[in-house]
Amino acid sequence: MTSLNRPAGAAATRTTPSAWSWAWIAWSVGALVPVAGYFMVPATERGATIQTFLYCLISASTAVALAVGIRKHRPEPSSTWWLFVAGQVMYTAGDVTYYVASQDDASYPPAANLLYLSQYVLVAVGLVRLIRRRSPQRNTAALVDTAILAVGAAVLWWVFLIHPTVTAPDINILDRIAATAYPVMDLCVLTVAIRLMLSGGVRQRAYHLLLAFLGMNLFGDTTYGLLTLTGSFEDGNWPDAFWLLGYVALGAAGLHPSMRHVGDPADVRSGATPYRVVLLGFATAMAPAVLVVQNLRGAAKSDLVVVGASGVLFLLVLMRMAGLIAVQRRLAITDALTGLYTRRFLSEQLRVEGERVARSGGSSALLLLDVDHFKCVNDTYGHPAGDQVLAEVARRLSTTCRASDVVARFGGEEFAVLTTATDPENLAVLAERIRTRMSESPVLVDGRTPVAITVSIGGVAALPPQALTADDLVNTADAALYAAKRGGRDRVVIGDLEDRTEPAAVHRDALSDLDRRIQDWAAVVAEAASRRPDAVPVPAGAVSAVCAAWAVMLSPSRERPAMTQDLARAELRRCRGVQFPSHIVDQFLALVATGEIGNPAPASAAEDVPVAVPA
């Protein structure tokens, strides 16, 4: 045992990791030798003493194996495994106490019972700590499933073990309490073990070995209880194999390197797998099945308990079904990528809101948002980066809006906000706050590349006595969003239900001319870039993004005048290799220098076109 106090570094220098990875196998093989010897000892008085020694040796060495594994592998938290060590020590002490006391007294020593029962308490506490480590979040579905399985098992234990023990004649009060306490403690440990099995997460080799220990102990105790009731149990017989093999599995679990990860947190899942459904079905049918068996046997003394258990199982199944329905509804109305509501849910809320306004009056408003130049983000950085941008836009949108607002992903890179008690002026304030929040800082994709984003927002507010329909709100807000995008993006346009004409429609011709110029530039740049010696394939959207940025910077906006060409060149060079491909920026600036690319539009047209500068 002195090696347990050796510093971790010294141990590492003397024992290679590969050797420790085989330690659990060496322990298992070595421990099976005394297990085999236990059953080969002749049935004599001296043989009984040897059997007791071998049994206590295996039990005590299991505690030592656990302690060595804890000191070597350093699991988190180690207190969980130390509780298993303490439980094994208590069990070994109980064996020794029973052997010593039985030499002088034929009755079962109460001190041994206390030591044995303390092992159950320590193991149960250790399992609870392990569960809380693996499942730090509340998992109501797993709790309900555990309760269903535990109640089903409790019916079996009560009918075939606990009740016969309680009502057995010719047993003194202390022995009756002890005999009843063992199956009750088995049920407690079984319940905690079921919860551990339903916790999800990675199931390491040490995890399976730990469950094997719990299962072997449960089978051993159950066999002992049934044989004791029939008066056929004898010390040193085959039921002891369950306990001994369980100790071997527990020691192997402590020595296996994966034991350090058994307590790693796991994702919370509903667990509605076919296997679990079948298992829950058997557990639910357990009570009525036992009732039928009892009546066929003519033993109906436990009918009331079994009927009560059936009622509890019925209520638990109802709770489980309600939980599954809630999970499915949440999945149906929630967008998987952004966590916002879906368009279908928004449509339903628009209908409900329309009925509310028609019934009791009030106001309602809808905002539609579109991420500007989102295709360029996908083309330049890839679709995973685009997903990160959408998720961040959703997060900023949710934190900017009120809790009572319905925030949804409308489709693709479009989002929607349905809000109430808002007039056009306040709606414009909310929309501007959202627009500013989106552009105030870039989004980091892949944790290191900043991508500037802006949004165009179109909105509409309906006030009494205006007629409010879902189509009216969506169509008007969509027209306003179109006007915001055609007006230069990164801006807010609030539409009017009374005037269904598109806002800023007077600028369509000039903007169409601007779009044509951008397309012409993109074609020229792409052709010139393809002739470069260092030419590499580049998405067309990346070329268009450079041209569009040049057009936006050289066009005036409501917030600021147009940039000079020198400032625009400097801005493109700053984005070179970060937001735009380096050789495309170089080729574009070379064409600007030769005069093939100039101002985006004539001065007269540019002055009439409000174009915003994206962040």
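Helix axes here are lines fitted to C-alpha atoms over the stretch in contact, and the angle between two of them runs from 0 to 180 degrees between N-to-C directions. The model on screen is predicted.

Start with the helices. Select residues 78-102, helix H5, together with residues 110-134, helix H6; their axes lie 8 Å apart and meet at an angle of about 170°. Angles over 145 degrees count as roughly antiparallel, so H5 is roughly antiparallel to H6. Looking at the pair, the crossing of H5 past H6 is left-handed. Colour the contact between H5 and H6 by residue class: 16 residues are nonpolar, nine are polar and two are charged.

Next, select residues 364-371, strand E1. Eight of its eight residues are buried, so E1 is largely enclosed by the rest of the structure. Show the side chains. In a regular strand they alternate between the two faces of the sheet. From E1, Ser 364, Leu 366, Leu 368 and Asp 370 point one way, while Ala 365, Leu 367, Leu 369 and Val 371 point the other way. Both sets are buried, Ser 364 and Asp 370 included.

Seven bridges link E1 and E3, and the pairing is antiparallel.

How values were computed:
Residues are numbered from 1 along each chain as its sequence is written. This is a predicted model: local features need pLDDT of at least 70, side-chain atom pairs count only at pLDDT 80 or more; totals for chains, interfaces and linings use all residues. Side-chain values use heavy atoms; hydrogens and water are left out. Buried means under 20% relative accessible area, exposed over 50%, partly exposed in between (1.4 Å probe, protein chains only). Helices (H or I, at least four residues) and strands (E, at least two) are DSSP runs, numbered from the N terminus. Two strands pair if DSSP finds at least two bridges between them. Angles under 35 degrees count as roughly parallel, over 145 as roughly antiparallel, 65 to 115 as roughly perpendicular and the rest as oblique. A crossing is left-handed if the near helix is turned anticlockwise from the far one by less than a right angle, and right-handed if clockwise. Ala, Val, Leu, Ile, Met, Phe, Trp, Tyr, Cys and Pro count as nonpolar, Asp, Glu, Lys and Arg as charged, and the others, Gly among them, as polar.
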